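Please read the following account alongside the model, beginning with the sheet and moving from there to the helices and the pockets.

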Amino acid sequence: MKRIRLGMVGGGADAFIGGVHRIASRIDGHFDLVAGALSSTPDKARKSGEALGLDPARSYGSFEEMAEAEAAREDGIEAVSIVTPNHVHFAAAKPFLERGIHVICDKPLTATFDEAEAMAKAVGESQALFILTHNYTGYPMVRQAQAMVADGAIGTLRVVQVEYPQDWMTDDVETQGVKQAEWRTDPARSGAGGSIGDIGTHAYNLAAFVTGQVPERLAADLQSFGAGRALDDNAHVMLRYESGARGMLWCSQVAPGCENGLRLRIFGEAGGLEWAQEDPNYLWHTPHGEPSRRITRNGAGAIEAGTSVSRIPPGHPEGYLEAFATLYTEAADAIRAAQNGEARETVMGKLPGLAAGLEGMAFIRACVASSKDDAAWVKI
């Protein structure tokens, strides 16, 4: 099958997430990176393009130049990955959406809610697909958990507990030349949420994806433990669902000993499920009144929802990059379907898109508002 021509905005030298996107796009062989505007600094963009082997004529100094030039080429890009800090997401996506070029964008959707609404308008006026890379939804055992909940394996949902602790910002690394921390602690580039926007939205999205439910109200307590930090680096959030279920979300970037501890536990009247990102090949299922069962990716008890996005036998670990690759592969399927005339509304499948992005932005906004009002309950 012919590979999709891919461009990239951001992701130049020293950019962690750009490298992840490039690897993920290549794992299943559906994309070729052929163009890029890899930095806001033209010279750095050019050097990054050279390092990746891009044609110098297709290594651009700005995303506006790239969108215009690539749309005019017969062999122009068919999709673009946007892997910039949050405040650039909308500005970068807009010129590509206007030209019918499919957009694969890192999360959260934008830096501000006004930009999120503008993004929704731009997507609505475009024929292109918009895909948001909430990559944790691509893990096989997350897909299995979602299917089991939908099939009633735990009965009516009662309790949701999701957490995402890290420790990399325990020190004031934003003052020590760590670029990933510099923009994440800057409201102008990150938006109103610090840890709640960076990793809290991942936890929120994971819980919503698996349970099929989005909370209607929350009470949030956001903290900035780092000296002088303008944005939160720790958050505790209580959640209320319309169904009557209750939830709790904790995210932190100042929890020593925690590396990338995304964990989901959900409980219903008939049982519970537990999954941890640092041990992602296993899903624990506990039917009420019975021993806990460890379900192995591609092993005994695995179902089609998980095996269909798994690449290797059990015992050979699949992880973060493969889960990310699942989204890229499903994005390729959706793009090809759209190119063959299928309606945009029917091709997305399990891919997170604009709706998931708007849910995340509403979550951030509600958390900030609640915390400013002494953790008052607010509508999301």
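Nine strands make up an open sheet of mixed pairing, in the order β13-β12-β11-β10-β6-β9-β8-β7-β14; helices (H or I, at least four residues) and strands (E, at least two) are DSSP runs numbered from the N terminus, and two strands pair if DSSP finds at least two bridges between them. The edges are taken by β13 (293–296) and β14 (378–379), and because each has a single partner strand, one side of each is left without a neighbour in the sheet. Between β14 and strand β7 (residues 217–223) the pairing is antiparallel, over two bridges, and L218 stands opposite V378 in β14.

Two helices pack on this sheet. Helix α6 touches β10 (263–268), β11 (271–276), β12 (282–287) and β13, and its direction makes about 25 degrees with that of β12, whereas α13 touches β7, β8 (234–240), β9 (246–252) and β14, with its direction at about 70 degrees to that of β7. Axes here are lines fitted to C-alpha atoms, for helices over the stretch in contact, and angles run from 0 to 180 degrees between N-to-C directions; contact means heavy atoms within 4.5 Å.

The model is predicted, with local features needing pLDDT of at least 70 and side-chain atom pairs counting only at pLDDT 80 or more, while totals for chains, interfaces and linings use all residues. Residues are numbered from 1 along each chain as its sequence is written, and side-chain values use heavy atoms, with hydrogens and water left out.

Within helix α6 (residues 140–150) lies Q146, which is buried because its relative accessible area is 17%, buried meaning under 20%, exposed over 50% and partly exposed in between (1.4 Å probe, protein chains only). Beyond its neighbours within four places in sequence, Q146 is in contact with F209, V210 and K350.

F209 and K350 also belong to the lining of the second largest pocket, together with residues including N205, L351 and E359. The elements giving two or more residues to that lining are α9 and α13 (354–372). A pocket is an open set of points on a 1 Å grid over the protein atoms alone, where a 1.4 Å probe fits, with protein on both sides within 12 Å along at least five of seven lines, and lining residues have an atom within 4 Å of a point.

The largest pocket is lined by 46 residues, of which I17, V83, P85, Q180 and W183 lie nearest its centre. The largest share of that lining, five residues, comes from α7.
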